[in-house]
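Please read the following note alongside the sequence and the structure.

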Amino acid sequence: MRIPNRLAALAPEFAAIRRDLHAHPELGFEEVRTSELVAAKLAEWGIAVHRGLARTGVVGTLKVGSSPRAIGIRADMDALPMEEANDFAHRSRNPGRMHACGHDGHTTILLAAARYLAETRNFDGTVHFIFQPAEEGGGGGRIMVEEGLFRLFPCDAVYGLHNDTELPLGEIALMEGPVSAASDRVTITITGRGGHAARPHLTIDPVVVGAHLVLALQSIVSRGIDPAQPAVLSICQFHAGSAGNVIPDSALLHGTVRTRDETVRDRIELRIRELAESVAAGFGATAQVDYQRGYPAVINAPGPTEAAAKAAARVLGEENVHRTVPVRMGGEDFSYMANVVPGCFVRLGQRGPDGAGSTPVHHPRYDFNDEAIAVGAAFWAALVEQELPRAG
Ligand code: NI
C-alpha cells in the first residue's frame, strides 16, 4: 500500500476529527455542527467554501494552475435515527442519533484528502469537495443537484465512496454499470364494503381481496422479470379491520420495490397497478395504488470507473482492486449526481485483520474503522493527481 507520508502523519489528527463527528451525530438537513466543522476546516486550509445548498450542504473548491478541467468528490454527512449500543469514549452523545453507516468516516476521508491536496497542490485544474446532507432517505444529493450544484460547480466527473464492512482494509471494489438499487415505496388501498362477519354475502371483503393480491404480486418478479435481473418486491405491512366479527371497509398494503434497471423498474410499477386493479375488480372491490419513486440506481460510467480503478491500483496495488461489486439491493442517493455528470461510486474496505470495522452498517454496535481514513484519502488524492495532471 502506498500511503503518502504526509497523510500517514496526519492520521491521528483525522482519527480525532472522525471520533468527534461520531460523538455528535446529526440527522439529514440538521447537520449544523457537522457542516460548520467541515466549512471551518476547509477555510483554515485555504479552500474556498460555499454553503447553503440543500440547507446544510458544503462545497469546497480548490483550484490549482490554469487547466479548465474539474472533478467533484462527494461525501455524505448525516447519521441515522437510532440508539448507539457502543460504550467507547466517542459513542454518540445525541440520544436517538448514531453514525451507524460510517458517514462520519466518509466526511473525514474527504477532509483529509482536501487538506493534503491543499498542501501539496500537485495537480492542474479544479477539485470540488462536495459534502452533502441527508443521504439516509432525505435525498440531500438530489436537492443539491436541483439547487444548481453542477451549474455553480461544473465537473467533468464526480466520484463517491462507501465503506464496506465485508471488504478487507486496503482493498477497493468497483465496477461499471449499476452498483446500487433503485428503491421505491408502494401503498395499495383496497376498498370493499364492510359489514357483519356473519353475513359476508352482503359485503365485499377487502381482507380476502388483499390476501389474493399479496400472492398475485409475488408473481411479478418470479414470472415476469428476467431471472438475470435482480429485483425485489416485498409487501411488509397489511393493515385491516378492528374487530374479530366485523368485515372492514378497506385494507392497506405497504411495501418496497428494489431494482437495478429502469426498464425492470417501469415494468414492476406497471404490473403492480394492473394486478391491483384487476384483482380488486374481480371481487367487486377497487384498489388505489400510490407508487413513490425513491433513489434511482447508481450507474457507474465507463470513463470514471476506469480512472478510479487506475488510481486505486496505484495506491493499493492491482491485486487489491476488485472489478466486481457484490449485488446488494440498498439505495444510495449519489445516483442523482451520477445521473447528470459521469460518475463512479466505489466500495472502500474497512474490515481489519483483527475483525475491527466488521460490524455491519445500520447495526447499533457499528463503528467506522479509522485505519481506512488514510487509505481513502490517499485514493482520492491519487485520483485527483491522475485526472488533473500537471503539464510536462
Ligand atoms: Ni451509508
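How far apart do the C-alpha centres of domain 1 and domain 2 lie? The points below begin with this matter.

1. The model is predicted. In it, the C-alpha centres of the two domains, domain 1 and domain 2, are 39 Å apart.

2. The domain assignment of the protein chain places residues 5-180 together with 296-387 in domain 1, while domain 2 covers 182-292. Domain 1 is therefore written as two segments, because the domain bounds are those given by the assignment.

3. The contact between the domains involves 13 residues of domain 1 and 10 residues of domain 2. The size of an interface is often expressed as the accessible area lost when the parts come together. For domain 1 and domain 2, the buried area is about 760 Å², and 57% of it is on carbon and sulfur atoms. On the side of domain 1 that touches domain 2, the residues comprise 9 nonpolar, 3 polar and 1 charged.

4. Which polar interactions are counted across this interface? Between domain 1 and domain 2 there are 4 residue pairs in polar contact, whereas the rule finds 0 salt bridges.

5. The nickel ion has as its protein donors C101 through SG, H103 through NE2 and H162 through NE2, lying 2.2 Å from the ion. Along the chain, the donors follow the spacing C-x1-H-x58-H.

Conventions
Residues numbered from 1 in each chain as written. Predicted model: local features only at pLDDT ≥ 70, side-chain atom pairs only at ≥ 80, totals over all residues. Heavy atoms only, no water. Contact = heavy atoms within 4.5 Å. Buried area = accessible area lost by both parts, 1.4 Å probe. Salt bridge = Lys/Arg side-chain N within 4 Å of Asp/Glu carboxyl O. Polar contact = N/O pair within 3.5 Å; in protein donor to acceptor, adjacent residues only side chain to side chain. Nonpolar A, V, L, I, M, F, W, Y, C, P; charged D, E, K, R; others polar. Donors = N, O, S within 2.8 Å, 3.2 Å for Na, K, Ca; no water.
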